[in-house]
Amino acid sequence: MGKLSIKDVPDSTFEGKRVFVRVDFNVPIKGGVIQDDTRIRAALPTIEYLRGRGARLILASHLGRPKGNRIPELSLEPVANHLSKLIKQEVKFAPDCTNAAPEIVSRLQNGEVVLLENLRFNPGEEANDESFARTLASLADVYVNDAFGTAHRAHASTYGMAQFFDLRLAGLLMAKEIEFLTKVRDNPDKPFVVILGGAKVKDKIGVISNLVDKADTFLIGGGMSYTFLKAAGKEIGNSLFDEKHFEKVKELLEKYSEKIKLPVDHYAVKEITAGAEKKYFEGGIERGWIGVDIGPKTIEAYKNAIKPEGMIFWNGPMGVFEIDDFAAGTVEIAKAVRDACKGGAKVIIGGGDTVSAIHKAGIKDEELTHVSTGGGATLEFLAGMELPGIKVLSDKNG
Ligand code: AMP
């Protein structure tokens, strides 16, 4: 059953109403200057849609990890100023969610916008404290969540407060994420190729287990591949190894050896730093060496598996791509999925690192079918887990 979005309800739902929108404005800020406003722009369609229908908008987000403390560098005030420029209208700023906000909200006119201070300055946010949730809920008449990236967290703003509203709606970004990722999870176009990399095995084994019947091929790379290679009996030297999940990895590999493809060659270093001496290994990696990128034979094999048809999902870099010397594998795979998309494949990318990798390869989001704003949330969704921030939204036929 789908979730009700702001487009599924009559415009009168919003006219003159106080509408709380949980957004994801967790953007990099240095010295009060926003370094990358992609996430703010991603929320604009929902903001404009609601303003256009006469809503009185209350926007709220977290920024960084203040852990319940008021940390000036993590204030959302620069975001309010930036958003004012983007929507060409003053965005008011409420310096706290509890004391200042009710008064400012009560003075909002139709189509006006207020941004609340960083939700996580209040310890009640991450603790999903009921009284904080009630306070947030008391500010508004309608609840909207457009922050897919935090939907896997049961916090006061993503979960607790929603329960006090009759109407709990998905914003346009959230609705788009749910639509694309549901397709990937439940009904992918065939052939379906899943590319998984990055460091954390834990986050990805759930995706493999849940998609294994639907996917034709898993291409594994990055730090997580060494736990798989060890399970396949290869030497991995001093490469990343996840002992805790080793048995589960072994089990998956034994059961699905046909579908799970592992790197056949690597570049390794003695220390992960720019300019470190790189050694090429085929098969195993010698003791004392750390695998940091997939090698040319693996790139070639993976490129052959990435075809311009069906569906491709990619999460996690193929190596330590932040360092240019170890980015070749990731960049080549990024170009391969872009070309596959151009040729007709549907390509869905998830996770902050993967999005950075795509940009590093000079690829624009528009060249891919869907670039998910979620990292952990995307993986949990595809692993078949119920995300609290989505579960709590009103059902379409409910
Ligand atoms: P994850 O959050 O699990 O997707 O991991 C992303 C991180 O994995 C990136 O910061 C990469 O630098 C890191 N990574 C990728 N390959 C390796 C590797 N071979 N060894 C160590 N870290 C890696």
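Me: What makes the crossing of helix 2 and helix 3 right-handed?
Reply: In this predicted model, the crossing of helix 2 and helix 3 comes out right-handed. The label is given if the near helix is turned clockwise from the far one by less than a right angle.

Me: And why are helix 2 and helix 3 called roughly perpendicular?
Reply: Look at the angle. The axes of helix 2 (residues 44-51) and helix 3 (residues 77-87) cross at roughly 65° and come within 12 Å. Angles of 65 to 115 degrees count as roughly perpendicular, so helix 2 and helix 3 get that name.

Me: Which residues make the contact there?
Reply: Helix 2 brings Leu44, Ile47, Glu48 and Arg51, while helix 3 brings Leu83, Leu86 and Ile87. Sorted by type, the contact of helix 2 with helix 3 has five nonpolar residues, two charged and no polar.

Me: Why are helix 12 and helix 13 called roughly parallel?
Reply: Here the axes of helix 12 (residues 296-305) and helix 13 (residues 328-342) cross at roughly 15° and come within 10 Å. Angles under 35 degrees count as roughly parallel, and therefore helix 12 and helix 13 are described that way. Their crossing is right-handed.

Me: What meets what between helix 12 and helix 13?
Reply: From helix 12 you have Ile299, Tyr302 and Lys303, and they meet Ala328, Gly329, Glu332, Ile333 and Ala336 of helix 13.

Me: What makes strand 13 and strand 14 edge strands?
Reply: The open sheet has three strands in the order 13-12-14, with antiparallel pairing. Strand 13 (279-282) and strand 14 (290-294) each have a single partner strand, so one side of each lacks a neighbour in the sheet. On average, neighbouring strands of this sheet are turned by 40° against each other, direction ignored.

Me: Why does arginine 18 with aspartate 141 count as a salt bridge?
Reply: The closest N and O atoms are 3.0 Å apart, and the cut-off is within 4 Å, so the pair qualifies. This pair links distant parts of the chain, 123 residues apart: arginine 18 sits in strand 1 (residues 18-22), and aspartate 141 in the loop between helix 6 (130-137) and strand 7 (142-145). The whole structure has 23 salt bridges.

Terms used
Residues numbered from 1 in each chain as written. Predicted model: local features only at pLDDT ≥ 70, side-chain atom pairs only at ≥ 80, totals over all residues. Heavy atoms only, no water. Axes fitted to C-alpha atoms, helices over the stretch in contact; angles between N-to-C directions. Helix = DSSP H or I, 4+ residues; strand = E, 2+ residues; numbered from the N terminus. Parallel < 35°, antiparallel > 145°, perpendicular 65-115°, else oblique. Contact = heavy atoms within 4.5 Å. Nonpolar A, V, L, I, M, F, W, Y, C, P; charged D, E, K, R; others polar. Pairing = 2+ DSSP bridges. Salt bridge = Lys/Arg side-chain N within 4 Å of Asp/Glu carboxyl O.
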